[in-house]
Amino acid sequence: FNVTTVKGTIHNAPIVIIAGGLGVFEPRKPPIENITEFEDLGVEYIIRDPKFYQDKACVIAGGGDSALDWSIYLVENNIASTISLVHRSASFRGHLDSVQKVIDLAERGKIDLITEAEVTGLSGNGSLEEVIITHQHQGELRRKVDHFIPLFGLKPSLGPIADWGLEIEKNAIKVNNALDYQTNIPGIYAIGDVNTYPGKLKLILCGFHEATLMCQSAYKRIFPDKKYVMKYTTVGGVD
């Protein structure tokens with residue numbers, strides 16, 4: 001196998017072992033048709049520097065702790081000029097104290113709390129200028145904004161590994177757990193949380209077990225003419 005990295009480095013190896021965990025985490029994006037047009041032009045999926053939103057009109061979407069806590073922070077520290085918090089349900093998944101604090105700020109007119117609604121459209125000329133909100137009872141609402149921040153959490157992605165011709169099931173690599181955790185391509189193994197098979201448990205203990213059997217099989221592929229004798233580590237030690 002020839003494994004090429006993003007830096008152009010090429011590694012030649014008789015086997016490849018994928019121990020990629022759950023993969024690369026990416027933000028969960030709302031299903032808005034033109035959202036990619038405004039990414040970094042008013043749409044952000046994570047708040048890195050709160051001061052970036054100084055005196056800006058912001059709409060935050062989400063019902064978890066991130067959406068609640070950032071709405072509170074941007075208001076209480078007098079950063080954003082206006083904050084609208086949009087959530088598709090009337091109840092929140094976040095901590096009860098944070099939920100109550102958002103409700104209190106909304107009653108005082110500090111947060112524009114819009115529940116049972118979703119941001120369904122974006123518009124602007126070169127950068128984001130307005131969001132369209134679809135409310136379950138009030139119909140279409142519009143808000144002039146500088147930033148739209150959907151905070152729906154993260155999802156794992158296999159990234160480039162998904163394009164290697166491996167058999168994928170539910171964002172994980174299928175392996176032969178009856179033998180050696182080899183993939184559908186002979187010589188390529190997948191161990192740990194990145195793989196899947198009947199009865200799979202995503203535990204570190206299981207990953208060690210998979211790695212042990214994989215190493216036995218890999219040794220035979222790398223050194224087909226050598227015989228490896230397994231000994232108890234308490235007797236033979238570890239080389």
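**Exercise 1. In what order do the three strands of the open sheet lie, and with what pairing?**

Before starting: this is a predicted model, where local features need pLDDT of at least 70, side-chain atom pairs count only at pLDDT 80 or more, and totals for chains, interfaces and linings use all residues. Residues are numbered from 1 along each chain as its sequence is written, and side-chain values use heavy atoms, with hydrogens and water left out.

*Solution.* 
- Step 1: read the order as β8-β9-β10, with antiparallel pairing. Strands are DSSP runs of E, at least two residues, numbered from the N terminus; two of them pair if DSSP finds at least two bridges between them.
- Step 2: find the edges. β8 (117–123) and β10 (139–144) each pair on one side only.
- Step 3: Neighbouring strands here are turned by 30° against each other on average, direction ignored.
- Step 4: zoom in on β8 and β9 (residues 130–135), joined by six bridges.

**Exercise 2. Work out how α1 packs on α2.**

*Solution.* 
- Step 1: take α1 (residues 65–76) and α2 (residues 96–107); their angle is about 45° and their axes are 9 Å apart. Helices are DSSP runs of H or I, at least four residues, and axes are lines fitted to C-alpha atoms over the stretch in contact, with angles from 0 to 180 degrees between N-to-C directions.
- Step 2: classify the angle. So α1 is oblique to α2 (under 35 degrees is roughly parallel, over 145 roughly antiparallel, 65 to 115 roughly perpendicular, the rest oblique).
- Step 3: list the contacts (heavy atoms within 4.5 Å). L68, D69, I72, V75 and E76 in α1 meet S98, V99, K101, V102 and L105 in α2.
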